[in-house]
Amino acid sequence: MGFFDALSRGLERSRETLNEVFYFGGEVDEDFWEDLEDTLVMGDMGAEVAIQVSDDLRDAAAKKNLKTAPQLRRALAEQLEQHFVPIERDPFSDTPSCVLFVGINGAGKTTTVGKIASAMAARGKNVVIGSADTFRAAAIEQLDVWGQRAGVPVIKRDRGSDPASVCYDVLDEADKRGSDLVLIDTAGRLHTSPELMRELAKVVNVTRKRAANMAAGPMPVSVVLVIDAATGQNGLNQALEFNEALGLDGIIMTKLDGTAKGGIAMAVAEKLKLPILRVGVGEQVDDLQEFNAKDFCRALVG
Ligand code: GDP
């Protein structure tokens, strides 16, 4: 399934409600604008963005004399697109690069690490996977399976090891192997969220320090948040918390294949001013795609 198809399906509910708004007879009147604003606000993009989009569209419609449903649809898609942040540096293809994957359990971190490792190894990158989720034994096994499939080594330590020291070891190993892409999975659950954030902050610090001293020269470190799109507004709150604690570089939105809450992608991108680097559209190795804001907005508006 392609990106556009997957999105079209995922965004069906939002699109159907928008369709109702666009069925107006004759003139665009005050009711149309109120309906549009209500519909956008009820979606998952968040009230703030929704109101701004609706106001901007109203201005654009007045300025350009837009009256018909197709004209307004197109203008709406263009307005929505402006709320996404372009990718300046892709931490997966612009190597050397070390990427720390963070996010709550079940978001899809391990799967995403596996998918990216496969894709980038196939493109000729010298990839190493690190398993710094030392709480969940299943995460290490899962990564092993992905690593074997991709022909990529998985560096791991015993369950319960200090995750920051695992990251240090992973970079040592990457240094020895002359790897140019290091993908590190981290834990998603501790007893409390401040505890998790403290642990991850240490992981980020240690990783940055070690990565600055690679034999081949400094390796940039990116912190990428993986969010399950189905978590809706809750996903936005998670994103804010992770960003405040760790300073994120980008977002990967998973499970867009199975949700009608795709609008959350926009709320996160807008609120955090962060690019969406990839989207997950299924559980298989190829089900990870580059994010295209234009397609996304086209799918949302219909
Ligand atoms: P982690 O706890 O963050 O490492 O999450 P996992 O990688 O273990 O993923 C949790 C579940 O979500 C697994 O069953 C994955 O197969 C599934 N999953 C991950 N990404 C996607 C996606 O894009 N679409 C769908 N449908 N399932 C996904």
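Helices (H or I, at least four residues) and strands (E, at least two) are DSSP runs, numbered from the N terminus. The model is predicted: local features need pLDDT of at least 70, side-chain atom pairs count only at pLDDT 80 or more, and totals for chains, interfaces and linings use all residues. Residues are numbered from 1 along each chain as its sequence is written, and side-chain values use heavy atoms, with hydrogens and water left out.

**View 1. The whole protein.** The protein has 12 helices and eight strands. Its C-alpha trace spans about 70 × 40 × 35 Å along the principal axes. Of the 302 residues, 53% count as buried (under 20% relative accessible area; exposed is over 50% and partly exposed in between, with a 1.4 Å probe and protein chains only).

**View 2. Arg-298 and Asp-295 in helix H12.** A salt bridge (a side-chain nitrogen of Lys or Arg within 4 Å of a carboxyl oxygen of Asp or Glu) joins the side chains of Arg-298 and Asp-295 at 3.1 Å, N to O. The two residues are three apart in helix H12 (residues 293-301), so about one helical turn separates them. Arg-298 is partly exposed, at 44% relative accessible area, whereas Asp-295 is buried, at 18%.

**View 3. Arg-136 and Asp-133.** The side chains of Arg-136 and Asp-133 form a salt bridge of 3.6 Å, N to O. Asp-133 is buried, with a relative accessible area of 2%, while Arg-136 is partly exposed, with 31%.

**View 4. Lys-202 and Asp-162.** A salt bridge of 3.5 Å, N to O, links the side chains of Lys-202 and Asp-162. Lys-202 lies in helix H9 (residues 193-211) and Asp-162 in the loop between strand E3 (154-155) and helix H8 (163-177), so the pair ties together parts that are 40 residues apart in sequence. Both ends are partly exposed: Lys-202 has 43% relative accessibility and Asp-162 has a relative accessible area of 32%. The salt bridge count for the protein comes to 15.

**View 5. A negative surface patch.** Glu-27, Asp-29, Asp-31, Glu-34, Asp-35 and Asp-38 form the patch. Patch residues have over 30% relative accessible area and no salt bridge, and like charges are joined within 9 Å. Asp and Glu count as negative. Asp-38 lies in helix H3 (residues 30-42) and is partly exposed, with a relative accessible area of 46%.

Definitions and conventions. Patches are made of residues with over 30% relative accessible area and no salt bridge: like charges are joined within 9 Å, nonpolar side chains (Val, Leu, Ile, Met, Phe, Trp, Tyr) within 5 Å. Accessible areas come from the Shrake-Rupley method with a 1.4 Å probe; for residues, only the protein chains shown count as cover. The place of a charge is taken as NZ of Lys, CZ of Arg, CG of Asp or CD of Glu.
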